[in-house]
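Subject: The structure I promised you

Hi there,

Here is the structure we talked about, for you to open and explore. Have a look around first, and then read my notes below.

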Amino acid sequence: MTALPQAELLERMRAGEIGALARIISIVENERPGFEPLLRGLYALPARSNAIGFTGPPGAGKSTLINAVIRCLRQRGKTVGIIAVDPSSPITGGAILGDRIRMGEHVKDDGVFARSLGSRGHLGGVSRATRRIVDLLRRSCLDVVIVETVGTGQSEVEIAKIADVKLVVNAPGLGDDIQAIKAGILEIADIMVVNKSDLPAAASTKRHLEMMLMLRAANRDVPVLATSPLRNEGIEALVDTAESLLASRIPLDSASNRADIRNMIAEHVANTARRRLGLDGDPALAAQIDALCDAFAVGELGMNEITARALRLLA
Amino acid sequence: MQEKPIIRILLAKPGLCTHETGVKLLAAGLRDSGMEVIYTGVFQEKDNIARVALQEDVDVVGLSYLNGGHVALTKGVIGALQEVGRGDIPVIVGGIIPKADIEPLHAIGVAGVYGPGTAIPDIAEDIRRIVREASAAPALAP
């Protein structure tokens, strides 16, 4: 495939060309040459669609639920883009990206675009580039963007900064009422889902979650909905609730949200610093950094002083 | 600036064979070699494989066969990839491939054929070579 100028690529993406969208995602994900002008061109475009985030523990049935939600959205005439993140090995960097297996029924549908991402060492439940890729999909030709995080434990809440509406997907029988009042992903839910509601423990899990929400100080109504993709139950109600939440809130154009961008910059600064402190610094800089390391090791300088000096060296 | 690019590979089983132990073993082995493996499961039609390869923008497509039909089916997948505009993605084939079929597979454009007993690290090494050579083709220059 020949290299295309960035502007033309974006144009083609907006016109609905799948190959162009796929290629732009790769450029952004890998920060390939030309990704800077591409991002500038991208953020100059208005966002067209909202993002719905699905998070929750491994095996809660996120991919299967998403498959059912896509079916429902397609029946309502919406085109859908899915970004599904699976964990990368912290040791080799490799990954099995298997979320597509549960979404196979949509592969022939031109109104559904799916892309699998490895988390690539990032710990928030998504990969470092996920945010930008979701921003990209919001500006493509798709009506709804769905983001699936890796199976999360209790504290991977980065999806809160990426999606307009966050669904926390729970499976029955994974814990008692104490689990339900712990801090973490349960706190970011706009909708709490008890998936696999065909299982016997579903009712008590739902009750625990409702209790937890009642006890919580935050003055916010979080619906608890039961879904069973197996029996195709509760899916319509879930999509209705998500759509009405999206309609009732001021559309969050995440690219224009200053606090979010500040986070993005902070992250980028940290990454740049890490890279320059690490391997590919020039020898003179490396020697100065080594001197700082030695000064810290013998207690000559404190971490605040080291940080200040390191920032000056990197500037 | 750039770290070593991570190879993305799509593994699929075209046709009606349900034996996926081999392909799952390969998927795990390639993951351990640092690749991102997109696995779609069994019974994959050629057009679906091509659509997934297009959306996922993979570097290489790997097809696994254990009960024949590999030359015709692979030809179909290569044609489908060309149809979606990604004839540039190299295709490799593994599984129970009789020696007599290796040459015909190469003749229809298959970049690598791996029969029983091939060590996974050797396959991984060969995939790296194939991807390197494919991306060195002038049409892909950034």
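How many residues of chain A are in contact with chain B, and how many of chain B with chain A? There are 35 from chain A and 32 from chain B, where contact means heavy atoms within 4.5 Å.

Some housekeeping before the rest. Residues are numbered from 1 along each chain as its sequence is written, and chains are lettered from A and ligands numbered from 1 in the order in which they are written. This is a predicted model, in which local features need pLDDT of at least 70 and side-chain atom pairs count only at pLDDT 80 or more, while totals for chains, interfaces and linings use all residues; side-chain values use heavy atoms, with hydrogens and water left out.

The two chains

Chain A contains eleven helices and eight strands (DSSP runs numbered from the N terminus: H or I of at least four residues for helices, E of at least two for strands). Its radius of gyration is 22 Å, close to the 20 Å from the globule rule for 315 residues, so chain A is as compact as a globular protein of that length. (The radius is taken over C-alpha atoms, and the rule is 2.2 Å times the number of residues to the power 0.38.)

Chain B has five helices and five strands, in the order β-α-β-α-β-α-β-α-β-α from the N terminus. The C-alpha trace of chain B spans about 45 × 30 × 25 Å along its principal axes.

Where they meet

About 2800 Å² is buried between the chains, with 49% of that from carbon and sulfur atoms; buried area is the accessible area (1.4 Å probe) that two parts lose on being put together, summed over both.

There are five salt bridges between chain A and chain B (a side-chain nitrogen of Lys or Arg within 4 Å of a carboxyl oxygen of Asp or Glu). One of them joins Asp110(A) to Arg51(B), whose closest N and O atoms are 2.6 Å apart.

On chain A, helix H2 (18-30), strand E3 (95-97) and strand E4 (112-118) each give at least two residues to the side touching chain B. The largest share, seven residues, comes from H2(A).

Enjoy exploring!
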